[in-house]
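Please look over the sequence and the model shown here before reading on.

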Amino acid sequence: MKKVKVLIITGYGINCEEELAAAYKLAGAESKIVHLNDIFLEKESIHEYDILNFPGGFSFGDDLGSGKVLANKMKYKKMESGKTLLEEIKVFLTQGKFILGICNGFQFLVKMGLLPNTNGSFEQEVTLTINNSAKYEDRWVHLKKNPKCGTPFLKDIDIMPCPVRHGEGKLIIKDEEIKTEILERNLNTFSYCDSDGKITSEYPLNPNGADLDCAALTDPTGQVLGMMPHPEAFLSLYNHPNWGQMKRQNPEISEDGDGLKIFRNIVEYINCKDH
Amino acid sequence: MKNQIQIILKDRIKDVQGEKVKKIAQSFLNINTGKVKTGKIFNVMYDLKEDQISRFANLGLRDEIIHDVYINSFYQDTFYKSFVLVAKQPGVTDDEGISAQKTLIDILDLDLDTNTQHIYTEDIYLFEKELNEITLNKLAEELLGNKLIQHFEYGKFTGKVEYVPEVQIASDNKQRTIDLDVDDDTLQQISKDMLLSLNLEEMKTIREYYSQDRTRAIRRQNDLPEEPTDCEMEVLAQTWSEHCKHKEFSASINYKNLETGEEETIDSLFKTYIRQSTEIVRERLKKAGNNWLLKIFTDNAGVVKIDDESVFVWKVETHNSPSAIDPYGGAITGILGNNRDPLGTGIGGGKLLFNTNVLCFGPPKYDKKLLPGQLHPKRIFEGVRHGIEDGGNKSGVPTVNGSIIFDDRYSGKPLVYCGTGGVMPYKFAGVNSWLKPIDDGDLIIMAGGRVGKDGIHGATFSSAEIDEHSPQSAVQIGSPITQKILGDYLQEAAERGLIKCSTDNGAGGLSSSVGELAEITGGAVVNLEKVPLKYVNLKPWEIYVSESQERMTLVVEEHNKKALFELAEEREVELSYIGNFTSTGFIDVRYNDKKVAYLDMKFLHEGVPKKYMDAEWKKPELNEPEILSNLDYNEILIKLMGSNNICSREDVIRQYDHEVKGKTIIKPLMGSEGKAPQDAAVMRLNFNSFEGIAISNGICPKFGDIDAYEMSAGAFDEAMRQIISVGGKLPDINDDTNRFWTVNDNFCVPDSAFDPVTNPDGKLKLAKLVQMNKALFDMSTFYNIPMTSGKDSMKNDFKSGDIKISVPPTILYSMVAKIDDVRKTVTSNFKADGDLIYILGETYNELGASEFYKLFGELGANVPKVRKEKANRLYKKMMKANEPALIASCHDLSDGGLATAITECTFTGNFGANIELGTLSDIGIDAALFSESHSRFIVSINPKDKIKFEEILTKDTFYLGKVTSKNNLTINSKGKKLIDTSTNDLQSAWEKGYK
């Protein structure tokens, strides 16, 4: 069977590319880490791949707002061929392929207009900005999946613990109209919740004060997923802050981390679709 | 023409940063600002058309969901009655401006210079209240910025902002020569005026060199003036600085021990104790046929072998002086500078794995009057914390553990220890990665940031005490994004075999990096006009010694130059070819073909006169205090949990990313609620195996007030026992699995050079330093744990007029040890109801300098002593118990002793404990509960493992009681209730702490 091919973008301050590559490797895909400039120089083409990934990090040091400089690059910088990378991405999506953005990757997907993209016009409809705590924070949260959301990334997931590590993760939605669209079309795929799965805006369970307590968004096609928390930082049970006690309570517990499910889901989905 | 763009939040959007300013202004400065609105101003100096500016502002800078934009006008609202504008001083790093430039060329599709500053950013704060100038100035200088690096405007906002921090330097690149044929006073004055930090003897040695016939002949042949040039004096001062040459650690010391009557001459503390102990360990390893100790002392960082595929490289050092005057800039520059050590070791291009940091501050609630130039400890704390946050987080390097210590004596000069570990492949393109080969003719290439006036005299400055006139050019702001891009590039270049080796540009800039590398071939030619500058009109010597950050010096063979430059272009890294290595025996520095420095390498590196110093140890007369007998131990424990040196650091820890890279297994806080503090950090090394490392820090300066030897030995033991606690294994000379241990020793001491007037107790201070070194030697050779790298910082005094605040002699041991399987490591928090609790190791009546005595304002005399034979026996038994995973939780005992350690083990959801001290309290209840004897642990085990566990631990363990499922801690002594209190109350006291 041909392996699912995964492209992971790096460079300019992105810094979670290695664990993301490890995630896809564990999920059975073949991944390649490529410097963004090699795509602009057309040494690499996104069209050779099934999944395009924008990892977390601090692209351009979060100057001008997280993800902003990178989003501008994708929207406006002309490649050798005269096209922008955004135009290439639109083609990529029409071929039914997938895009994942985590943390800084999510920030820049929304600023580029790829999420939630309610009417397919690729215009910015939401933003991710400074947490209500006015702090960068690394802490583990619980995520509740919107049971009605259709993206294949999140199949069979209900509640997932995961670390957040950001200073600008508060989702702000442009207006009521967009908010309604997001809710009606179930584009808010993950919400911050307590350990029982009850959605909450209480700090620090909701670490940033996001509108709708929303931690992740998808687009109406379900092909694009962006999330603030880091599933690639929970590939192994031993990433969990309470692994010691969990193992004691259940000596047979799987050594895989819950975050791995997302990557297994999408790889499996593409495998099934193609064969 | 200048265009100004203002980006400001729409009125309906919550101004989170404004609210934060309002809150801190109230709590820290007691100023009621009313509502605060924040905005950013971009001064664009490129020549652009109106539509271009509009497009750039609206598409490039504005986030349309939340921002309004003003072009050549500013947001104004009569609701806000006053304002503060915070701009940068000319030449201060403005990363946001640079990023704006990069986005500008993308958006407008223009080909403009983005390497020098054309867009200057400024922050504006609008305040609801009408505040007077004094109040606004206070807000500006004590909360919003630092006048050393920032320019402020304030008052009532008139809708105009004029100030733009363009650098303007009058053209003057004339070379000066220095006449040294003068009397002693004038010589010393020259050193002082030029900020050389050279003493009289050193100045005389330089004069002697220039008066030699040989020197004169060589200078004539090379068309150089007879007298030293300014550049030469600067190079000598930098190379001979305490920072670079460690003159006091190399000094000959006459050491008198008045306690024993012994007297000895120590020829170099470094050689006698640090180097020697490690050489002994290396010999023993070699004899046993094990050679994981690959590189010690000779490069930017030490290197040990992980396996046949990879090596581990790491360095810990300090950045104290800069952090005292600009805490944020000092710390971020420290952390990034420290990152460049493992990046620039051997060939260079390693992958950074973690950061660790240990900070010593004055207490946050310091209430003494501040001296001129002294910043409030709380401000230093927050600035340093922020610097570490940005330095680590923005570089994608997890900050996996650390420690914060509060003591009044750190309120003048804080100690900021930064450590970074990295992994290199065993070989880069077939060459052992830790080697540093250089040949005559190899190219010198500078990579990374541009050169400006920033950080000139950093090397000599750190060797001087701070006063209110400290030069502002010593302040720099690191740029993590520039360095991240440089580091990524270096990795790629090393993997492709394009660089022969590299080093970082830190203190002393090019002068230091080229000077040190040139020792390998015996000379170098440098052409300073080739060095790219941030702005024009720097003098040649300034270019050579500037400490502008984020630069590496690469050694490259001619045939790789083209490919290296092509890759740099693709990765947006600026390279410049600035010279060649030679074997002439001279450092030959030129500016437009004119020689500006021409120095004999031998004189430069070996000419510094040896120092002779005196040390005299006299035991302090101390007694044990009388403590009341009817104490309320509940109250005492609550107080201890909330005391400065014990309370929770969660707020700090959470602002550091401690798990980027996905390899952190034991994080600083663990357990179901992520609250329980841990001992060593544990990381796995890759995703293919569960092999890993444990990282720890040992530091306990307070014990040095009683006994500096025991303090140093205790800090060594503390770092070791943290690693043993998480399941690490002691080193074994005969083990052939590369089970490495590697230590960075970092000494930070007050001025220890005796002077009857300015430093009358200098001999005692130096004696303490000697004893700290003796302990290092004894511990290292006993356990076979090598020092692979380290640093000393010798003048940690803050002076203002006649007042001097000196740090206590402090040593930090930072350790890393290999872990076979991270899945078998042990965390500190209790795991299950009914588990049995034991204390391991013997408790003595050693309350001297304890946190318990501190509650009563007492020091005491019984300092905790390290008993290495006993500790060694215990650690071996623990290793044996960990093999079959008999230990469910393990926490080492340190500040606060047994009572606080048990309390911390309960910070994980719904556990408490019932403890009976039994015969443990035969040494006295206070000692049993709060003694800080070393080499002890609180462990819990599953009851089913009781027999097996006790068989292994035998007499080194003492049963204390059980874990319960109630949120309550009881501690009894022979049936008498000492402590009976809710763990929730204990936890909340611990969390509230110094806040």
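This is a predicted model: local features need pLDDT of at least 70, side-chain atom pairs count only at pLDDT 80 or more; totals for chains, interfaces and linings use all residues.

Residues are numbered from 1 along each chain as its sequence is written, while chains are lettered from A and ligands numbered from 1 in the order in which they are written.

A nonpolar core is a set of buried Ala, Val, Leu, Ile, Met, Phe, Trp, Tyr and Cys residues joined through C-beta atoms within 7 Å. A residue is buried if 20 or more other C-beta atoms lie within 10 Å of its own, exposed if 12 or fewer, and partly exposed in between, with C-beta atoms placed from the backbone. The largest core has 185 residues, and Phe83(B) and Ile499(B) touch the most other members. Helix 15 (residues 480–495) of chain B gives the largest share, 7 residues; helices (H or I, at least four residues) and strands (E, at least two) are DSSP runs, numbered from the N terminus. Apart from this core lies another, of 174 residues, including Phe703(B) and Phe930(B).

In helix 28 (residues 946–953) of chain B, the buried residues are Phe949(B), Ile952(B) and Leu953(B). They fall within an arc of 90 degrees seen down the helix axis, so they line one face of helix 28; the arc is that of the directions from the axis to the C-beta atoms. Ile947(B) and Glu951(B), on the other side of this helix, are exposed. Just after helix 28 of chain B, Thr954(B) has a positive phi of about 40 degrees.
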